[in-house]
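Hi everyone, thanks for coming.

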Amino acid sequence: MGLREYAIRRGIETIATFFILITIGFFLFRVMPGDPTAILILNPHLDPKARQLLRQQLGLDQPLYMQYFYFIKNFIMGEFGYSYHNGRPVLELILGVRLLNTVILVGTSVILAIIIGVVIGALAALRRGTRVDVGLIAFSLVFYSMPVFWLGMILLMMFAVYWGLFPLGGTVSATLRHQKIVEVITDYLWHMTLPLTALTLIQIGYNFLIVRNTIIDILMEDYVTTARAKGLPERVVLYKHILRNAMLPLTTIVALQLAGIFTGAVLTETVFSWEGLGRLLYEAVDSRDYPVLQGLFAIITIAFLIANYIADILYAFLDPRVRYK
Amino acid sequence: MVGDFREFLSTMKSKLSEFWTIYKTNTFGMIGLFMLMIFVLLAVLADFIAPYGEWEMLVGRPFEPPSIRHLFGTDELGRDVFSLVIYGTRVSLVIGITAALLSTIIGGVVGLIAGYFGGIVDDVLMRITEAFLVVPAIVLMIILAAILGPSFINMIIVIAIVTWSPIARVIRSQVLVVKELPYVEAAKAVGCSDFYIIFKHILPNVTPLLFANMILQVSNAILAEAALSFLGLGDPHHTSWGMILHYAHGSGALAAGYWWYVLPPGICILLLVLAFVFIGYALDEIVNPRLRRR
């Protein structure tokens with residue numbers, strides 16, 4: 001199978017998965033306690049006629065299959081209505097500063113965790129069985145088994161409460177207005193340090209174990225022996241033959257882990273009051289803000305489906321063996 | 001009939017003792033088992049070990065630091081944190097194990113059916129599996145938990161629903177291998193029913209893998225329970241470690257630096273998860289032939 005056919009087949013599969021997720025979403029949001037007008041009945045001045053009108057406007061008087069059709073239409077067109085909480089359009093609430101904040105936090109931590117994971121993974125694999133190796137394994141297992149929000153709480157208590165080195169939470173200082181761009185960036189990074197540390201440390205353990213085991217396998221491969229037998233300098237063998245091949249499984253695994261990393265990000269954002277999508281999700285559930293929840297579900301679903309698809313194609317491009325399965 | 005059963009028991013017994021002989025040599029596996037046994041004891045004997053009841057308020061002043069009377073100090077309601085942590089063991093263990101069991105059953109059934117029947121059945125089931133794999137667990141988990149409402153049973157259901165998909169994938173690929181074995185082909189040729197072949201020939205071959213995955217799944221379930229409770233979506237009638245951290249976060253104990261309130265529950269989560277990770281990897285090394293050569 002060529003790359004093009006593979007991309008098309010995976011594309012069709014991804015669209016099928018998308019419709020399954022829309023259907024799950026439809027059932028989730030339709031069985032939510034009460035229909036969207038229920039929250040308005042809390043207002044005693046609303047007369048039944050007005051409610052009927054609202055149901056008509058929202059299409060809730062239509063048969064179920066028509067509602068399903070509208071649900072899909074709104075899902076694709078990005079029409080999620082207005083937040084119950086502050087009346088702003090849901091799409092505007094999601095695709096803005098909040099999305100940017102989450103992308104910056106998650107993106108930076110993923111890159112950092114890959115770099116650190118590869119470095120210490122290679123170190124441990126090349127010194128297999130030594131004290132360095134055992135120490136690094138213990139370190140990675142401990143962080144792997146730790147709830148990310150608890151790690152965040154500990155970091156917050158140590159570095160913000162006791163030593164006062166970092167802020168207690170938030171994304172930028174409230175006092176910072178109309179300052180130079182450099183100062184704003186510095187302030188942003190200062191706020192990001194602790195959540196970034198927590199989210200990165202949690203991922204390192206996993207990346208480390210993957211890289212270490214891959215390299216141990218690669219070290220036994222014939223091409224490594226050949227490279228060494230040819231008299232190539234050890235540095236060249238390490239970079240060109242070992243690390244390059246070790247990066248491949250890591251890329252896929254990080255792509256697969258992306259959903260899990262987002263889960264960690266939601267929890268981290270909650271601990272550090274980081275104004276991102278995760279915190280929005282938490283607040284939307286807390287205030288039962290269904291339009292926002294629905295919008296978040298849609299956007300996150302689409303984003304992760306696309307990311308997953310790109311990762312798959314990239315992997316097939318890097319490793320042609322995948323396509324022939 | 002009775003003879004059959006006796007024979008079955010004795011083979012099981014010899015298989016188990018053979019397994020135990022291999023398992024005993026795995027240091028990490030034994031450490032994990034030891035840690036788990038301590039937590040099980042804490043959970044079972046909670047009523048005898050905990051100096052105060054789960055709901056006994058104002059046994060001290062609010063936010064008292066650790067002392068002989070209150071080993072881990074007290075919380076904002078003047079409850080003994082040490083007792084809360086002991087009682088929390090029960091919830092974390094029970095939810096962790098039952099949720100993992102349920103998720104393994106769902107994942108196992110989906111994997112078996114998809115792998116065995118192949119074709120359109122496989123396509124549909126794998127798309128559903130992919131759907132659950134691609135979306136971040138927390139999104140579905142939060143929405144589901146908010147819809148179903150906070151209760152002990154709902155927590156188990158929610159965690160199982162969001163965690164079964166990786167198991168389905170692992171089992172499916174194993175079934176694809178087992179399906180090609182000559183005796184399965186022979187059973188088919190003789191005219192055995194699909195149901196019979198799945199239960200008699202395929203299932204026994206994937207059971208060890210299923211079991212190892214279930215143990216690893218328990219650690220995921222414990223972390224998921226802690227996360228949900230931390231976000232305030234847990235059952236308020238049962239104190240869990242995640243919920244203690246939820247209260248610590250909400251009551252301002254964190255900003256005030258009351259470390260005794262925050263450290264113990266987190267360390268317990270860490271140790272219990274680590275115990276299952278150790279046991280799980282030890283089992284994986286025994287049952288996963290790919291790893292044996294290392």
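By contact I mean that the C-beta atoms of two residues, placed from the backbone, lie within 7 Å. B:V158 itself sits in helix α7 of chain B, residues 152-163. Is B:V158 buried or exposed? B:V158 is buried, because 25 other C-beta atoms lie within 10 Å. For that label, a residue is buried with 20 or more other C-beta atoms within 10 Å of its own, exposed with 12 or fewer, and partly exposed in between, with C-beta atoms placed from the backbone.

Before going on, a word about what you are looking at. This is a predicted model, where local features need pLDDT of at least 70 and side-chain atom pairs count only at pLDDT 80 or more, while totals for chains, interfaces and linings use all residues. Residues are numbered from 1 along each chain as its sequence is written, and chains are lettered from A and ligands numbered from 1 in the order in which they are written.

How confident is the predictor? pLDDT is its confidence in each residue, from 0 to 100. Chain A averages 84, with 90% of the residues scoring at least 70. Chain B has a mean of 86, and 95% of its residues reach 70 or more. For the complex, the predictor gives an ipTM of 0.88 and a pTM of 0.89. Where pLDDT is low, the predicted coordinates should not be read in detail.

Now the two chains. Chain A has 13 helices and zero strands, and chain B comes to 14 helices and zero strands. Here helices (H or I, at least four residues) and strands (E, at least two) are DSSP runs, numbered from the N terminus. Of the 325 residues in chain A, 32% are buried; of the 294 residues of chain B, 45% count as buried. The C-alpha trace of chain B spans about 75 × 40 × 40 Å along its principal axes. Among contacts in chain A with a separation of 6 or more, 71% are between residues 24 or more positions apart. In chain B, that share is 70%.

How do the chains meet? In chain A, 38 residues are in contact with 33 residues of chain B. Which helix gives the most to the side of chain A that touches chain B? That is α1(A), with eight residues. By class, this side of chain A has 31 nonpolar, six polar and one charged residues. In this count, Ala, Val, Leu, Ile, Met, Phe, Trp, Tyr, Cys and Pro are nonpolar, Asp, Glu, Lys and Arg are charged, and the others, Gly among them, are polar.

Let's finish inside chain A, with helix α11, residues 234-272. Helix α8 (residues 148-162) packs with α11(A) at an angle of about 30°, with the axes 8 Å apart. That makes α8(A) roughly parallel to α11(A). Axes are lines fitted to C-alpha atoms, for helices over the stretch in contact, and angles run from 0 to 180 degrees between N-to-C directions. Angles under 35 degrees count as roughly parallel, over 145 as roughly antiparallel, 65 to 115 as roughly perpendicular and the rest as oblique. On the α8(A) side, the contact includes A:F149 and A:M153; on the α11(A) side, it includes A:L267 and A:F272.

Helix α6 (residues 97-126) of chain A also packs with α11(A), at an angle of about 140° and with the axes 10 Å apart. These two helices, α6(A) and α11(A), are therefore oblique to each other. Their contact has twelve nonpolar, one polar and no charged residues.

One last stop is A:S273, in the loop between α11 and α12 of chain A. Its phi is near 50°, a positive value in a residue other than glycine. A:S273 is partly exposed, with 15 other C-beta atoms within 10 Å.

Definitions and conventions: pLDDT is the predictor's confidence in each residue, from 0 to 100.
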